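Hello,

Here is the structure for you to open. Please have a look, then read on for what was found in it.

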Amino acid sequence: MIPENLREIMIHNAMEVQNELGKDHEPVVKLHSKYGKAIWLLSELDSTNNIAFGVCDLGQGKPELSYVSINDLESIKHARLKVPMVEIDPNFDGKYAMSVYFEAAKLNNRITEDDDLLKLAQAKLSKTK
């Protein structure tokens, strides 16, 4: 599901966090449900367990920073069509830190890529530092 070059970046990000070198990476991949509202913006990957970290939005108005099993996402199939339900957005380009996407998602009750909302979230976060 996640191309090897992006997996390597996510694994590197996870190692940086484990070594306390960096904690607020940009999302590397955006996964989404083809037939639903779920979206995952992911920045780190534990390759041993295939567990990723990022903003997880199941489409219920409560996005959260969390961990998700890539194996579980890959195993979700459409009940009748038997095709994978979760796919990668090949056009996604994470331009802001994960904290900015999360803050914008809280303001919007949904993950957003709207640049105005992301800039607003970034400004709000910079005021609290």
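**Helix 4 and the cores**

This is a predicted model. Start with helix 4. What covers its buried residues? Helix 3 (98–108) is part of that cover.

Which residues of helix 4 are buried? They are Leu118, Ala121 and Leu125. Seen down the helix axis, these buried residues fall within an arc of 60 degrees, so they line one face of helix 4. An α-helix has 3.6 residues a turn, so residues three or four places apart point the same way. Turned away from the buried side is a face with the exposed residues Asp116, Leu120 and Lys127.

The length of helix 4 fits too. It has 13 residues, 115–127, and at 1.5 Å a residue they should span 18 Å. The end C-alpha atoms are 18 Å apart, which agrees. At the N-terminal end, Asp114 caps helix 4. One of its side-chain oxygens lies 3.1 Å from the backbone nitrogen of Asp116.

Now the cores. The largest nonpolar core has 17 residues. Met10, Leu31, Trp40, Leu42 and Ile70 have the most contacts inside it. At least two residues of this core come from each of helix 1 (4–18), strand 1 (29–33), strand 2 (39–46), strand 3 (51–57) and helix 2 (70–75). Strand 2 gives the largest share, three residues.

Look at Ile70 next. Leaving out residues up to four places away in sequence, Ile70 touches Ile2, Leu31, Leu42, Leu45, Asn50 and Ala52.

There is also a second, separate core of 16 residues. Phe92, Tyr96, Val100 and Ala104 are among them.

Best wishes

How values were computed: Residues numbered from 1 in each chain as written. Predicted model: local features only at pLDDT ≥ 70, side-chain atom pairs only at ≥ 80, totals over all residues. Heavy atoms only, no water. Helix = DSSP H or I, 4+ residues; strand = E, 2+ residues; numbered from the N terminus. Expected span 1.5 Å × (residues − 1). Buried < 20%, exposed > 50% of the residue type's maximum accessible area, 1.4 Å probe, protein only. Arc of directions from axis to C-beta. Contact = heavy atoms within 4.5 Å. Polar contact = N/O pair within 3.5 Å; in protein donor to acceptor, adjacent residues only side chain to side chain. Core = buried A, V, L, I, M, F, W, Y, C linked by side-chain atoms within 4.5 Å.
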